[in-house]
Amino acid sequence: MLNIHLTEKEFYGQLEISYNGLYTDSGNVTGIVKGDTLRGTYRYRHYGIETWHTIPIALLKKGHRLIMGEG
């Protein structure tokens, strides 16, 4: 589930990724917008674990949808 606030130049919000109901990563996303690409960071915690992790994130705007990059 993704809930973001998007402007022409930046975005921020919350992202929750569920892995087949086994566990969930949840946290905050922030970044910049360049054309149809959103690039930023995802700061999250695994369900039940107190340690925070930070990884890069990329989303592609395609019509009214956002597609999360992999790699």
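Here is a short walk through this predicted model, from its core out to its surface.

Let's start inside. The largest nonpolar core is built from eleven residues: Ile4, Phe11, Leu15, Ile17, Val29, Val33, Leu38, Tyr42, Tyr44, Ile57 and Leu59. Four strands, β2 (10-19), β3 (23-34), β4 (37-46) and β5 (52-62), each give at least two residues to this core. In soluble globular proteins, nonpolar side chains tend to be buried together.

Leaving aside residues up to four places away in sequence, Tyr42 is in contact with Leu15, Glu16, Ile17, Asp25, Ser26, Gly27, Asn28, Val29, His53, Thr54, Ile55 and Ile57.

Now turn to the outside. Tyr19, Leu22, Tyr23 and Tyr47 together make a nonpolar surface patch of about 510 Å². Of these, Tyr47 sits in the loop that links β4 and β5. Tyr47 counts as exposed because its relative accessibility is 66%, and the cut-off for that label is over 50%.

Finally, look for charge pairing. How many salt bridges does a search of the whole structure find? The search turns up one. Its partners are Arg45 and Glu50, whose closest N and O atoms are 3.2 Å apart. What about their surroundings? With 29% relative accessibility, Arg45 counts as partly exposed, whereas Glu50, at 61%, counts as exposed.

Conventions
Residues are numbered from 1 along each chain as its sequence is written. This is a predicted model: local features need pLDDT of at least 70, side-chain atom pairs count only at pLDDT 80 or more; totals for chains, interfaces and linings use all residues. Side-chain values use heavy atoms; hydrogens and water are left out. A nonpolar core is a set of buried Ala, Val, Leu, Ile, Met, Phe, Trp, Tyr and Cys residues joined through side-chain atoms within 4.5 Å. Buried means under 20% relative accessible area, exposed over 50%, partly exposed in between (1.4 Å probe, protein chains only). Contact means heavy atoms within 4.5 Å. Patches are made of residues with over 30% relative accessible area and no salt bridge: like charges are joined within 9 Å, nonpolar side chains (Val, Leu, Ile, Met, Phe, Trp, Tyr) within 5 Å. Accessible areas come from the Shrake-Rupley method with a 1.4 Å probe; for residues, only the protein chains shown count as cover. A salt bridge is a side-chain nitrogen of Lys or Arg within 4 Å of a carboxyl oxygen of Asp or Glu.
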